[in-house]
Amino acid sequence: MSSYQHSSFQIHQLPALNDNYIYLMESKIDSVLAVIDPADASIVNQACKRLGKPLTHILNTHHHWDHTDGNKALKQRWNCTVVGAAHDAARIPCIDIAISPEQAFQLGGLQADIIDVGGHTLGHIAYLFDDALFCGDALFGAGCGRIFEGTFEQTWQSLQALAQLDDDTKVYCAHEYTLPNLRFARGVDANNAALKARIHRDTQTRMEQKPTIPSTIGIEKSTNPFLRPLNADFRTEYAHINHIDDTALSVFTHLRQTKG
Ligand code: ZN
Ligand code: FE
């Protein structure tokens, strides 16, 4: 279990299933202990036991089973409060509080901004607590989620909203997909020095069996191929090579379709 310090909480990162990350957010100012996207109840229960604290909340980013499968068992065990998107109220097990994007959400003494990151699914939300972003499957290390329910345009809007956050915002996404994503990135952005440095760094990190996550918004903006359409030079060159319009949306769409 890796832990990360923030000013008013700490975050414990729990590997689950093949490549999922479950996060426990432990408040430093009150008794809140919230799990984000519990893929597996038993892993969360073990971590609560180690911390010696009861689970108070479940926060879901979207309805997929590898993010909500633990809801029911955790709710039964801890009688915790389940929070999810109002749009997905019918698809999130045991939901108690249905929230909407652009609304501030109070979690005990902690406050989050709720960001609409629809695209991978409709009703996908991200939670921003201070400089900690829980973005589920919307944004990954050097990648983004497959578009199952939304449109390319909507997904591009969601990624742009995340790109507007401060560069030092920590990106706590829900999967360790960084190395395979970087292989794709290298193929479409070969001359990017920041990308080369990241490939070197993250390859080393995985050889040591450590997580590459969290990354930061700044790292993603400079190396993630799905945010690179924001860079005019990248956009122009990619559009030219692939004979497509040089708008950010058309470049993003081509990249997302090419990755498959
Ligand atoms: Zn998903
Ligand atoms: Fe997932």
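**A metal site, a helix pair and local backbone features**

His120 and Asp137 are both buried (under 20% relative accessible area, where exposed means over 50% and partly exposed lies in between, with a 1.4 Å probe and protein chains only). The structure is a predicted model, in which local features need pLDDT of at least 70 and side-chain atom pairs count only at pLDDT 80 or more, whereas totals for chains, interfaces and linings use all residues. Residues are numbered from 1 along each chain as its sequence is written, chains are lettered from A and ligands numbered from 1 in the order in which they are written, and side-chain values use heavy atoms, with hydrogens and water left out.

The zinc ion (ligand 1) is held at 2.2 to 2.3 Å by His62 (NE2), His64 (ND1), His120 (NE2) and Asp137 (OD) as its protein donors. Donors are N, O and S atoms within 2.8 Å of the metal (3.2 Å for Na, K and Ca); water is not among the atoms, so sites may look incomplete. The spacing of the donor residues in sequence is H-x1-H-x55-H-x16-D. Asp137 also bridges the zinc ion (ligand 1) and the iron ion (ligand 2), and the two ions are 3.3 Å apart. Helices (H or I, at least four residues) and strands (E, at least two) are DSSP runs, numbered from the N terminus.

Residues Phe234, Arg235, Tyr238, Ala239 and Asn242 of helix 8 meet Ala248, Val251, His254, Leu255 and Thr258 of helix 9, contact being heavy atoms within 4.5 Å. His243 is placed in the loop between helix 8 and helix 9. This residue is exposed, with a relative accessible area of 73%, and has a positive phi near 55° although it is not glycine.

Most residues other than glycine have a negative phi, and most peptide bonds are trans. Asp37, likewise not a glycine, has a positive phi of about 55°. Asp37 lies in the loop between strand 4 (33-36) and helix 1 (41-51) and is buried, with a relative accessible area of 3%. The peptide bond from Ile213 to Pro214 is cis, with omega near 10°. Pro214 belongs to the loop between helix 6 (193-207) and strand 15 (215-216).
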